[in-house]
Amino acid sequence: MIAVKNGKLITPDRIIEDKTLLIDQDRIFGFADSLDNDDAFDEVINAGGRFIMPGIIDVHSDTIEQYIQPRPTSQMDFEFALKVCERDLLSAGITTMYHSLSLFRDEIFGKGLLRSRDNVQQIADLIAGIRMRDRLIRHRLHLRVEIDNLESFDIVRDMIDQGKAHLISFMDHTPGQGQYSSLAVYQDTISKYNGKEISSLGFDGVLEHHKNKTVLSVKQLKELAGLAHEKGIAVASHDDDTDKKLELNKEIGVDISEFPVSLETAKSAKKHGFYTVVGSANILRNGSHSGNLSATEAVSEECADIICSDYYPAAVLHSIFLMHTKHGVPLPQMVNKATLNPAEAMRTDKDYGSIEPGKKADFLIVDIPDGYPVITHTFVDGIAASRVEYRS
């Protein structure tokens, strides 16, 4: 058994400073008032007054793409990239990662290496297989479906049946609504991706392309959502912007509203019973890179349940402490948004997401040197996967 003493334990509703955390194999055994005999334990860790919080559960991040394709003309071996990526994720305090892979039909947002059927299947197989081999963190697949990709229906259905998808989400990047309600923002964005269609069709041609496209039917989306729920898999929507769209998503069977584009929509999503997700990089930048909802405002207005990394994993930990120190949000409440709430949304909170007896021993020891939170210890399944000490 392992004992972690002299730490500030961040539980779902308060911070405890006078208890010792006890770990028995891969589970949290409980809390002790004091240690009468350190020799009675296999290891005693002195947290030195630092915070002890649950491991971060990141439900949405496409950062794996940057490791596989660091430059447009440079491709790395998939497994090598995943292993390098997980070391960085571990240092960011992420103990469970839902790698977000997108199934796009076209190349308007550029030729993404991981956005073709074959490569998505390859990385899905890798994520499924690595769970049975050596790994540092838990890898899961968040399969993102652009609704105009008609072939994605069979892909998603098969991955759900095979147990390779752990979260699915429906996306619609059609200009003039959702994330790109502003056509100027849309044009600026796709021009930076250097996609094939923008260079060959021109911007007016791209708009015409979207005007005439065919999308998956509501019946098909309902079927996929139903299959997911049968397997205990959550279903998300992306960039909701109207109450009408939220009502349709409710009919389809959506559970989670990712990145609602306005405060009004986020509040409406909460009223409809959806979990709401915002990006932590948005908090650090103090605004959306697309000019949409401020995640800081959403958290402050209590209509953001979950914070994810989106594209910058290090932002999650920093956004937790920034919202606490600068905006006064209670620390347990902010920690829940990166740990317990995503576990509840993913239907895994029986085992993950909080420091409570009986749950998996996934936890972090966090110090605050120079005003920045840093992780000195990361435990996954009760094993010290990472230890770092800063020099003074």
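This passage walks through the overall make-up of the protein and then through several of its helices and individual residues.

The structure discussed here is a predicted model. The protein contains 14 helices and 18 strands. Of its 392 residues, 55% count as buried.

In soluble globular proteins, nonpolar side chains tend to be buried together. Here, the largest nonpolar core has 74 residues, and those with the most contacts inside it are Met-53, Ile-168, Phe-170 and Ile-320. With residues up to four places away in sequence not counted, Phe-170 touches Val-145, Ile-147, Leu-221, Leu-224, Ala-225, Val-235, Ala-236, Ser-237, His-238, Ile-252 and Val-254.

Leu-224, one of the residues touched by Phe-170, also takes part in the meeting of H4 with H7. Helix H4 spans residues 152–161 and helix H7 spans residues 218–230; their axes come within 10 Å and cross at roughly 10 degrees. With angles under 35 degrees counted as roughly parallel, H4 and H7 are therefore roughly parallel to each other. On the H4 side, the contact involves Phe-153, Val-156, Arg-157 and Ile-160, which meet Gln-220, Glu-223, Leu-224, Leu-227 and Ala-228 of H7. Sorted by class, this contact comprises six nonpolar, one polar and two charged residues.

Asp-243 is located in helix H8, residues 243–252, and counts as partly exposed because its relative accessibility is 34%, which falls between the 20% and 50% limits. Residues up to four places away in sequence aside, Asp-243 touches Ser-268 and His-272. The C-alpha atom of Asp-243 is also separated by 7.9 Å from that of Ala-269, a residue 26 positions apart from it along the chain. Both Ser-268 and Ala-269 are among the buried residues of helix H9 (residues 263–271), together with Leu-263, Thr-265 and Ala-266. These buried residues of H9 pack against H8, strand S13 (256–258), strand S14 (275–279) and helix H11 (295–300). After H9 comes Gly-273, with a positive phi near 90 degrees.

Ser-319, in helix H12, is buried, with a relative accessible area of 0%. Neighbours within four places in sequence aside, Ser-319 is in contact with Ser-280, Ile-283, Leu-284, Ile-307 and Met-334. Gly-328, by contrast, is exposed at 55% relative accessible area. Gly-328 occupies the loop between helix H12 (315–325) and helix H13 (331–338). From C-alpha to C-alpha, Gly-328 and Ser-300 are 8.9 Å apart in space, although 28 residues apart in sequence.

Finally, Thr-95 lies in strand S9, residues 94–103, and counts as buried at 1% relative accessibility. Beyond its neighbours within four places in sequence, the contacts of Thr-95 are Gly-55, Ile-56, Ile-137, Arg-138, Asp-362, Leu-364, Thr-378, Phe-379 and Val-380.

How values were computed
Residues are numbered from 1 along each chain as its sequence is written. This is a predicted model: local features need pLDDT of at least 70, side-chain atom pairs count only at pLDDT 80 or more; totals for chains, interfaces and linings use all residues. Side-chain values use heavy atoms; hydrogens and water are left out. Axes are lines fitted to C-alpha atoms, for helices over the stretch in contact, and angles run from 0 to 180 degrees between N-to-C directions. Helices (H or I, at least four residues) and strands (E, at least two) are DSSP runs, numbered from the N terminus. Angles under 35 degrees count as roughly parallel, over 145 as roughly antiparallel, 65 to 115 as roughly perpendicular and the rest as oblique. Contact means heavy atoms within 4.5 Å. Ala, Val, Leu, Ile, Met, Phe, Trp, Tyr, Cys and Pro count as nonpolar, Asp, Glu, Lys and Arg as charged, and the others, Gly among them, as polar. Buried means under 20% relative accessible area, exposed over 50%, partly exposed in between (1.4 Å probe, protein chains only). A nonpolar core is a set of buried Ala, Val, Leu, Ile, Met, Phe, Trp, Tyr and Cys residues joined through side-chain atoms within 4.5 Å.
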